[in-house]
Amino acid sequence: MTSLSVETLAADAVEPITSAGNAQLGIAVLAGIAVIVLLITKFKMHAFLALTIGSLALGSFAGAPPAKTIASFTAGLGSTVAGVGVLIALGAILGKLLADSGGADQIVDTILARASGRAMPWAMVLIASIIGLPLFFEVGIVLMIPVVLLVAKRGNYSLMRIGIPALAGLSVMHGLIPPHPGPLVAIDALNANLGVTLALGVVVAIPTVIIAGPVFSRYAARWVDIKAPEKMIPQRPSEDLDRRPSFGATLATILLPVVLMLIKALVDIVVDDPEQGVQRVTDVIGSPLIALLAAVIVGMFTLGRAAGFTKGRLSTTVEKSLAPIAGVLLIVGAGGGFKQTLIDAGVGRMILEFSENWSIPALLLGWLIAVAIRLATGSATVATISAAGLVAPLAADMSTSHAALLVLAVGAGSLFFSHVNDAGFWLVKEYFGMDVGQTVKTWSVMETIISVVSLAFIMLLSLLL
């Protein structure tokens with residue numbers, strides 16, 4: 001789910017690294033994905049190495065010069081780590097502070113005391129939806145993971161029963177609701193009304209997240225009945241702690257980056273003038289990097305010092321938080337490298353060419369194009385940008401409500417079946433301690449349910465409005 005600018009996408013479309021025809025390129029994509037899946041499942045190769053080899057295989061099958069394939073892969077790896085690597089690191093530090101100070105225990109104990117067994121998945125989807133409203137998917141994940149793992153461990157729940165609702169809440173917000181980058185780009189491309197899109201997006205999101213979250217989690221927990229991985233579970237604070245942070249202080253610390261990013265989004269909508277001093281300030285404090293960094297710094301006082309941590313213990317906590325995420329960072333980065341190799345090879349342009357002569361309703365066309373590009377490139381944002389650009393002429397004569405529905409249809413398609421070329425796939429796999437097959441049966445199926453169910457509600461609304 002790594003973001004990519006419109007300018008980058010356009011540049012990639014203009015100068016692909018290979019002159020292969022569409023047939024050869026299609027075969028190369030299938031071959032590259034097959035190599036990755038085979039290396040991981042059959043030969044038990046580490047995902048970082050498999051993604052690297054799969055990217056090189058893709059370039060070779062497509063007839064691209066090795067030097068250009070390597071350049072594309074390393075550029076994608078670098079941009080992905082640059083984009084989400086620091087966020088993952090800051091999220092890990094905040095998670096460790098939450099765990100070691102007893103703050104995460106305070107939240108988990110409060111949730112377990114207030115919500116019964118059957119209500120727990122509903123509580124998780126509500127929390128994730130609220131937290132995920134203004135956040136990038138990756139940021140939401142790193143904020144929610146400590147809570148998800150601790151609730152699953154402490155309440156003796158299947159990880160999927162708790163994790164799937166949380167992931168569904170975050171994912172639906174990412175694909176359908178502005179101010180996430182994908183929906184905002186589509187709104188701009190289709191000249192849709194932001195307020196109407198937001199309102200209709202909420203109408204579609206509520207039943208979608210219920211079906212893909214708490215309802216589907218019942219089946220996901222049967223298919224993949226696993227416990228929270230011990231290596232990723234924040235451990236209980238040592239017994240020498242005399243006190244732990246209050247529930248209010250802990251919740252405020254977790255929500256601080258959410259509030260800062262939401263303020264930025266609201267100011268961007270209301271002011272809409274980058275030269276205004278207020279917007280320039282909120283653009284800085286509401287950026288994911290600064291918002292999470294602020295939460296970490298504040299957390300050192302509201303969590304660490306509140307639990308009686310010395311300066312030395314705070315330093316040790318930060319140091320210990322970074323070691324477990326090294327493998328996650330490499331795998332997510334390699335997933336971004338594979339995605340960039342696909343884009344630079346011209347896969348997105350190939351799919352756009354195939355779709356030019358499709359004679360089907362505009363809403364379904366937008367969804368199908370986004371689905372195809374999502375499957376090929378792994379990026380929800382790239383799929384949204386490409387599909388919105390292609391169907392933009394169709395929105396010219398649409399009513400306000402139908403233009404908004406077209407935005408939502410494109411966003412829904414961009415979430416379809418996340419697999420090995422999506423950095424989010426590897427993020428979920430590593431955090432939840434699953435293998436590739438288990439991740440496909442849970443996360444990938446959940447994403448597909450979100451995409452299809454939301455399309456169904458979008459088409460229903462198109463008949464009513």
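My entries below go from confidence to helices, then to a cavity and a loop residue.

**Ground rules.** I am working with a predicted model, where local features need pLDDT of at least 70 and side-chain atom pairs count only at pLDDT 80 or more, while totals for chains, interfaces and linings use all residues. Residues are numbered from 1 along each chain as its sequence is written, and side-chain values use heavy atoms, with hydrogens and water left out.

**Confidence.** I checked pLDDT first (the predictor's confidence in each residue, from 0 to 100). The protein chain has a mean of 84, with 93% of its residues at 70 or more. Helices here are DSSP runs of H or I, at least four residues, numbered from the N terminus.

**Helix α19.** How far apart are the end C-alpha atoms of α19? I found 20 Å, which agrees with the 20 Å that its 14 residues (400–413) should span at 1.5 Å a residue. The expected span is 1.5 Å times one less than the number of residues. Of the 14 residues, 12 are buried (under 20% relative accessible area, 1.4 Å probe, protein chains only; exposed is over 50% and partly exposed lies in between). Among them are S401, L405 and G413.

**Cavity.** I searched the whole structure and found 1 cavity of 30 Å³ or more. A cavity is a set of points on a 1 Å grid over the protein atoms alone where a 1.4 Å probe fits but cannot get out; lining residues have an atom within 4 Å of a point. Helices α7 (137–154) and α8 (159–176) each give two or more residues to the lining of the largest cavity, and α7 gives the largest share, 5 residues. F432 is also one of the lining residues.

**Loop residue D273.** I placed D273 in the loop between α11 and α12. Is D273 buried or partly exposed? D273 counts as partly exposed because its relative accessibility is 29%.

Definitions and conventions
1 Å grid on protein atoms, 1.4 Å probe; cavity = no way out; pocket = protein on both sides within 12 Å on 5 of 7 lines; lining within 4 Å. Points joined across faces, edges and corners; volume = space filled by probe spheres on them.
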